[in-house]
Amino acid sequence: MWQRKKILRAAGITFLVLLVGAGAFTLYLDHRVRTEFEGRRFALPARIYARPLELHAGLRLALPDLEDELRELGYKALIEKADPTREAEGGWYVRSGERLDVGLRAFMFWDGAQPARQVRLAFDGGSVGALTDTEGREVALARVEPLPIGGIYPAGNEDRVLVRLAEVPPHLVKALIATEDRTYFTHAGFSLRSMARAALSVGSSRMQGGSTITQQLVKNFFLTPERTLRRKLTELVMAVLLEIHYGKEEILETYLNEIYLGQDRDRAIHGVGLAAQYYFGKEVQHLTVAESALLVALVKGPAVYDPHRHAARALERRNLVLRETREQNALTMEEYAAARAADLGVSRKPGFGTSPYPAFLSLVHRQLRHDYDEADLRSEGLRVFTTLDPRAQGAAERALTKRLAQFDKDKRFGAPGLEGAIVVTDPQSGEIQALVGGRDPRYRGYNRAVDAARPVGSLLKPAIYLTALTDPAHYTLVTPVDDGPFVWKSRGAPDWEPENYDKKFHGMVPLRTALAHSYNAAAARLGTELGVERVLGNVKKLGVERELRPFASALLGAVELSPLEVAQMYQTIASGGFRSPLRAIREVTTQEGKPLQRYALAVEQAFPQEPMYLLAAALQGVVREGTAQGLKAFLPPEIGVAGKTGTTDEQRDAWFAGFTGDRLGVVWVGYDDNRAARLSGSTAALPVWGDMMAALAPEPLALEKPERIETVWIDPQSGLRGVSCPGALELPFVQGSAPRDMAPCASPVDGAVEAVGQTIEKAKSWFERLFKR
Amino acid sequence: MRFFAALLLVLAACATPEAPPGGPAPPTAEPAPPPVARTENVAVAGLMESARADAAAGKLTTAAASIERALRIEPRNPRLWQELARVRLQQEQFVQAENMARRSNSFAGSDNTLRAENWRLIAQTLEARGDADGARAARESAEKLSSH
């Protein structure tokens, strides 16, 4: 008797303990549900944008290039404007001959929202002749929304675009409810009926799983994907708790934003907002019945029913969703029939994962890390407006890929093939317009443009000649320099005897010729005479921050720099001695568009203008008559490109750095493992540069002549004055530094001719002054 | 040759354009009011207008941004660089203000009025940094150009 009592008592205690335990556990779960669901905000990636295209009359842009950019942005080419509601939202263009009507979409720029608007462009050859509205009134300036070029993503590279329930079309919600959870609006978080049905129908083709929408959300939100009874129970309790605390709408909205709907390479597509953009290139509110049904179809398995890879399977599942929706009377017969007849309608545009331009993105990310926490970058939904010019980027990628493939074929050196890197900047502002980190521009890994430090060879020579030209009393463009055999002795190091590329020595040559033909002996001698430290000091002033060790061999480019550092150095040359730090970011705003930071244009005059002018003129000589003459095959001589080739020992590295009126480019080609590439700067890097620039139709380089520069006609033989000498050249000099003597070939009247010329020049500038006032 | 030059001088003097009809020529005021950016381009003109308005309203960051937008369209327009120098001066970014004015000078060619104004801006930035000698020299450069 007392035994039974004892057992009963024990059972009672056990029951009580269990009850208390279950109660405590429930309380704990309740606490979790409330704090985590309440506190939970979706982590939103920082969104990165290219530069916006600014349309205005006079813009140098060809019509097909604008069409390309609009297509990239997902604008639709219409035959004629048709649907007035869609028309008002923008996102379309109509071409008729040389005229383009564009419906620009609304966009939140860093300095405020710009509403959707329609503009009309009349093209005139390679530029915009007129910009008006549709009534023909002049429009001064119209910004096209910038191209999204990637993001900095939360853990798991989850990407999403948040939407409000009110923005989601009712037919999408109905299809979801019909397919995933028919009793959603009436149940308490779980459905015994569907659980029982799920248990009974294992293996059958019925489509309902046992989980309600609430349970699915709990599973994704709070729990790990293991499948145990305990976890199932926890899920159930939490679902009920969620329903107690929150309304049906709130839970549904969260679900619609949370749900995983696809994979774009390394980027996970979450939520119906992003899925609408990713699959159909449109905002969620514009989804049709058929499109909505496809998204609902994907809930069950985005990989299995991937409409890009398994179109037939996806179509079958979509139609099943439509049928279930129809069975719930959530579709009319007409809607159902039309939707069933529609094709999948997914956009052809391939996804690019986290970014189509990983090299540029990694640079942006690095610059952002200076000013922002990594966690904020990955969760706060910051908007980052960059300097990337998609057209320059495309031209750079195509040029590099094409040429490297061709070199590989010619060389047959086997795998791994040649590599390369490109940096393109705006020479005046230092904005980085394009960055290619390797031959596969989509590869997110080693970023050679930024991280590969390679010997620069002759690219350093301009610093030697610049050092000389800052002393006009002793050096001008025609000062003879000695390209005879040269030996540099220093204690503790083997003798240094630089050879020339053609294995010859050229004796006394004018300074500009030594640079044009990149003579090593002349440069080494001149550089050591001027002082290695002085030359390297000027390299630093040109913008190279890396510590360079003062070995004489540095003069001929034994120093290792990245293409980006070389671009910085040449930017200072291209802008007449005004150094601007290279920048990839213009502005950063919060998710709502509140400006956080602007990276302003900054300049610093690092050198006086006169020597920089002479150097730039000498670098034009490199292209006109020196090692870069090959550019003639790519660009007309009027462009007046200034540039320099670079080739290192055994031709391991091939470089070309040069600039036009509106772009500066640096190209490096070589092997990652430092094999001898047997390709020089002029045979390997120059053609890449030439292809790229030719595709971009660059502006001619018109150097801004400083006041204290005069031009004098020089006899190329003697280096003395002589207008009438054969092949006489008009060369710039700092005032008073030009040779005084007349060349032997000069005719007696030369002096008089010069004087007339000078008087006319003076009068001309005086006239100009007069009229400019 | 001198004769030729003199002839040109006379010709130029004849060609001196538009003295206002009737009434005396306006006296040359000092200091000159800041010149409005002269440009053919309506986009640049529009951006400068809004930069002016923003600067007047104390929205200097936005003003600078508009000028930078204009500079992307006309990177060699010395008036835009000068405008940026002026905004930087207002922002008390003296080093940048000086460099912007120097950049403007590098594109100014023979526009002495513009160059004189740049030297005056440079003088102000130097004064603000306590470089009295530098400021004096800059003012002298401005004077020399004004009297040209």
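Two strands count as paired if DSSP finds at least two bridges between them. Helices (H or I, at least four residues) and strands (E, at least two) are themselves DSSP runs, numbered from the N terminus. With that in hand, look at strands E29 (residues 653-659) and E30 (residues 664-670) of chain A: they run antiparallel and are joined by seven bridges.

This is a predicted model, where local features need pLDDT of at least 70 and side-chain atom pairs count only at pLDDT 80 or more, while totals for chains, interfaces and linings use all residues. Residues are numbered from 1 along each chain as its sequence is written, and chains are lettered from A and ligands numbered from 1 in the order in which they are written.

**The whole chain**
- Chain A has 24 helices and 32 strands.
- Its C-alpha atoms fill a box of roughly 135 × 75 × 50 Å along the principal axes.
- The radius of gyration of chain A is 34 Å, whereas a compact globule of 773 residues would come in near 28 Å. (The radius is taken over C-alpha atoms, and the globule rule is 2.2 Å times the number of residues to the power 0.38.)
- Buried residues make up 46% of the 773 in chain A. Buried means that 20 or more other C-beta atoms lie within 10 Å of a residue's own; exposed means 12 or fewer, partly exposed is in between, and C-beta atoms are placed from the backbone.
- Take the contacts in chain A between residues at least 6 apart in sequence: 68% of them join residues at least 24 apart. A contact here means C-beta atoms, placed from the backbone, within 7 Å.

**The five-stranded sheet**
- E29 and E30 belong to an open, antiparallel sheet of chain A with the order E17-E16-E30-E29-E28.
- Strands E17 (432-436) and E28 (642-647) of chain A sit at the edges with a single partner strand each, so one side of each has no neighbour in the sheet.
- For a pair to look up, Ala657(A) has Val666(A) in E30(A) as its bridge partner.

**The three-stranded sheet**
- Another open sheet in chain A has the order E12-E14-E13, with mixed pairing.
- E12 and E13 (260-264) of chain A are its edge strands, each pairing on one side only.
- E12(A) and E14 (residues 267-270) of chain A run parallel, joined by three bridges.
- Asp159(A) has Ile269(A) in E14(A) as its bridge partner.

**Helix H8**
- Buried residues in H8 (residues 248-258) of chain A include Ile251(A), Leu252(A) and Tyr255(A).
- Among the elements covering them are strand E12 (158-160) and helix H7 (229-245) of chain A.

Notes:
Contact = placed C-beta atoms within 7 Å.
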